[in-house]
Amino acid sequence: MDNRKSIKSGIINVYKEAGYTSHDVVAKMRGILGMKKIGHTGTLDPDATGVLPVCIGKATKVCELLTGEDKTYRCVMLLGQCTDTQDASGCVLSECPVNLTEKAVEEAARSFLGAYDQVPPMYSALKVQGKKLYELARAGKEVERAPRRVMIHRLEVISIDLPRVVMEVTCSRGTYIRTL
């Protein structure tokens, strides 16, 4: 019996590994399940790992509802390094020594709590005039990006081993964690 035909609709929690986009996960699920009506509940960066809820069949109707919900991320912030992509996978543009106290790091992290305007990074899936920003960035183009209102509901510093800081962040949809 072909099990692919027995699944009609539902939500499957997929562990997304690094190197895959959310779109890659959906494409893979379409092949595995032999279905076209599949969607994800929020775009994760290719470097991100973790649970990506994938809606199939009639459950795709709830994608929009889930996409709008707050998300919680565990992340590692690397201080003293600036890259072209604003994450660890990019080309290093500059480096500087990190001479901070743990208290200074925690205070800086807490300064992001609440609502603020965040400019989306060029290396993102956000579309401007029909083109994904990362496509423009890879072509060496930078375009004006309007700031978006985001909300950091909770930000907890889990550990500090400079220059790395492990944090857990609960935020609104549309927040780019790597730009904190």
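Is Glu107 buried, exposed or partly exposed? At 42% relative accessibility, Glu107 comes out as partly exposed. That value, like the rest here, is read from a predicted model. The protein chain carries four helices and 11 strands, and its C-alpha atoms fill a box of roughly 60 × 35 × 25 Å along the principal axes. Of the 180 residues in the protein chain, 34% are buried. Take the contacts with a separation of 6 or more, and 60% of them join residues 24 or more positions apart.

- Three strands make an open sheet, ordered S1-S3-S2, with antiparallel pairing.
- The edges belong to S1 (10-16) and S2 (38-40); each has a single partner strand, so one side of each has no neighbour in the sheet.
- On average, neighbouring strands in this sheet are turned by 30 degrees against each other, direction ignored.
- Strands of a sheet pair through backbone hydrogen bonds, in either a parallel or an antiparallel way.
- Here, S1 and S3 (residues 50-56) go antiparallel, with seven bridges between them.
- For a landmark in that pairing, look at Ile11, which sits opposite Cys55 in S3.
- Helix H1 (residues 22-33) lies across S1, S2 and S3, and runs at about 155 degrees to S2.

**Salt bridges**

- The structure has eight salt bridges, and a few of them are worth a look.
- Side chains of opposite charge can pair when their charged atoms come close.
- Asp45 and Arg178 join their side chains in a salt bridge, at 2.6 Å from N to O.
- That pair links distant parts of the chain: Asp45 is in the loop between S2 and S3, Arg178 is in the segment after strand S11 (164-171), and the two are 133 residues apart.
- Lys103 has a relative accessible area of 57%, so it counts as exposed, whereas Glu107 is partly exposed.
- Arg154 and Glu156 form a salt bridge too, with their closest N and O atoms 3.0 Å apart.
- Arg154 is partly exposed at 29% relative accessible area, and Glu156 is partly exposed at 40%.
- Those two belong to a network of salt bridges that links Arg74, Arg154, Glu156 and Glu168.

**Cysteines**

- How many disulfides does the structure hold? The count is zero.
- Cys75 is in no disulfide, and the nearest cysteine sulfur, that of Cys171, lies 9.0 Å away.
- Cys75 is also buried, with a relative accessible area of 15%.

**Two buried threonines**

- Thr60 is found in the loop between S3 and helix H2 (63-67).
- The relative accessible area of Thr60 is 19%, and it counts as buried because the cut-off is under 20%.
- The side chain of Thr60 reaches the backbone oxygen of Gly57 at 2.8 Å.
- Setting aside neighbours within four places in sequence, Thr60 is in contact with Lys37, Ile38, Gly39 and Cys55; Cys55 is the residue in S3 that Ile11 stands opposite.
- Thr170 is found in strand S11 and is buried, at 14% relative accessibility.
- Which side chain does the side chain of Thr170 make a polar contact with? The partner is the side chain of Thr72, at 2.9 Å.
- Not counting residues up to four places away in sequence, Thr170 touches Asp70, Lys71, Thr72, Met151, Ile152, His153 and Arg154.
- Arg154, one of the residues that Thr170 touches, is also part of the salt-bridge network with Arg74, Glu156 and Glu168.

Key. Residues numbered from 1 in each chain as written. Predicted model: local features only at pLDDT ≥ 70, side-chain atom pairs only at ≥ 80, totals over all residues. Heavy atoms only, no water. Disulfide = S-S within 2.5 Å. Buried < 20%, exposed > 50% of the residue type's maximum accessible area, 1.4 Å probe, protein only. Pairing = 2+ DSSP bridges. Axes fitted to C-alpha atoms, helices over the stretch in contact; angles between N-to-C directions. Contact = heavy atoms within 4.5 Å. Salt bridge = Lys/Arg side-chain N within 4 Å of Asp/Glu carboxyl O. Polar contact = N/O pair within 3.5 Å; in protein donor to acceptor, adjacent residues only side chain to side chain.
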